[in-house]
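Hi,

Here is the structure I promised to pass on. Have a look at it first, and then read my notes below.

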Amino acid sequence: MTAGTYPSPEPVEDPEALRADEAAYRDLADAVRELLDLTVRTRVDQPERAAVATEVRALSARLSARAQDGPLGLETTSDGRLRDHGNPMVGMRNPVAPPLTVRQTGEGEAAADPFVLGAAYEGPPGHVHGGIIASVLDQVLGTVPAIVGRPGMTAYLNLTYRRPTPLGQVSGRARVAGTDGWKTTVTGELLDADGQVTVEAEGLFVVPRWARQYLGTPTGDAGDFEAPAEAGPDA
Ligand SMILES: CCCCCCCCCCCCCC(=O)SCCNC(=O)CCNC(=O)[C@H](O)C(C)(C)COP(=O)(O)OP(=O)(O)OC[C@H]1O[C@@H](n2cnc3c(N)ncnc32)[C@H](O)[C@@H]1OP(=O)(O)O
């Protein structure tokens with residue numbers, strides 16, 4: 001369960017069936033994630049690799065028998081909430097996602113449970129790629145405005161890479177540092193397996209003008225969020 005999600009306006013007809021469907025999607029993503037990792041690390045012989053590539057293409061053909069043209073956007077889940085299942089950090093259906101689970105840990109605070117970044121996320125030898133770290137922290141910091149009722153887009157994200165982050169278990173945390181109307185400043189950190197901070201982050205998240213009219217409505221947890229007078233729907 002990832003924090004910062006919103007109730008769906010669509011009713012869930014059969015939550016039980018949808019739950020089973022979600023479990024199957026999650027299982028497929030888990031299996032492909034394992035394939036990704038092993039694709040990077042395998043040392044099997046070239047003919048075996050060629051044979052596997054042929055089989056993988058056959059599997060892709062089976063999935064393409066019924067695939068939508070574009071991205072997933074937001075979908076209603078069995079728990080009646082809107083989720084971005086294609087998200088490359090938290091998306092249940094995305095094998096590229098580590099995946100992260102971001103939980104609310106307090107008032108205006110969130111944390112990503114410890115998760116593993118393996119060989120597929122390598123930048124400097126043995127260490128996590130800096131762009132992957134930025135993605136992880138964008139997600140962890142970006143969840144915080146959503147849980148305080150101001151789901152914003154990243155306007156900037158400043159990172160200070162204090163020390164290299166070894167591949168393996170990492171975690172993240174973030175909290176509100178300040179709010180100013182529709183803008184939320186958030187600070188956070190990435191931590192290695194020993195709990196040492198490797199990267200510090202500060203981000204500004206802004207509720208876009210076009211989205212402001214949707215906040216403070218019954219479709220959002222933000223329903224009790226009072227829009228600042230100087231930045232209402234028409235601002
Ligand atoms: C619904 C369900 C949601 C669920 C969410 C779950 C969690 C998701 C987690 C996702 C995590 C991943 C997230 C992602 O990956 S988000 C994807 C990456 N980010 C983007 O693509 C954002 C692109 N930029 C924009 O869309 C617009 O520029 C935004 C929306 C940011 C503002 O454009 P908008 O036209 O709306 O408004 P405005 O231009 O009048 O600006 C408004 C105010 O903001 C101030 N300002 C703007 N930029 C900056 C800046 N760089 N430094 C300092 N200040 C800045 C500006 O001065 C003004 O201040 P003030 O004059 O009012 O005082």
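Into which domains is the protein divided? There are two: domain 1 (9-97) and domain 2 (100-231), with bounds that come from an automatic or database domain assignment. Their centres, taken over C-alpha atoms, are 24 Å apart.

Before going on, two things to know. Numbering starts from 1 along each chain as its sequence is written. This is a predicted model, where local features need pLDDT of at least 70 and side-chain atom pairs count only at pLDDT 80 or more, while totals for chains, interfaces and linings use all residues.

Back to the domains: 9 residues of domain 1 are in contact with 9 residues of domain 2 (C-beta atoms, placed from the backbone, within 7 Å).

Next, the sheet. It is open, has 6 strands in the order 4-5-7-8-9-6 and pairs antiparallel. Strands are DSSP runs of E with at least two residues, helices are runs of H or I with at least four, and both are numbered from the N terminus; two strands pair if DSSP finds at least two bridges between them. Strand 4 (102-106) and strand 6 sit at the edges with a single partner strand each, so one side of each has no neighbour in the sheet.

Finally, the ligand. 19 residues surround it, with Gly142, Met153, Ala155, Pro208 and Arg209 the closest (near means a C-beta atom, placed from the backbone, within 6 Å). Helix 3 (130-147) gives the largest share of this shell, 5 residues.

Cheers

Methods:
Contact = placed C-beta atoms within 7 Å.
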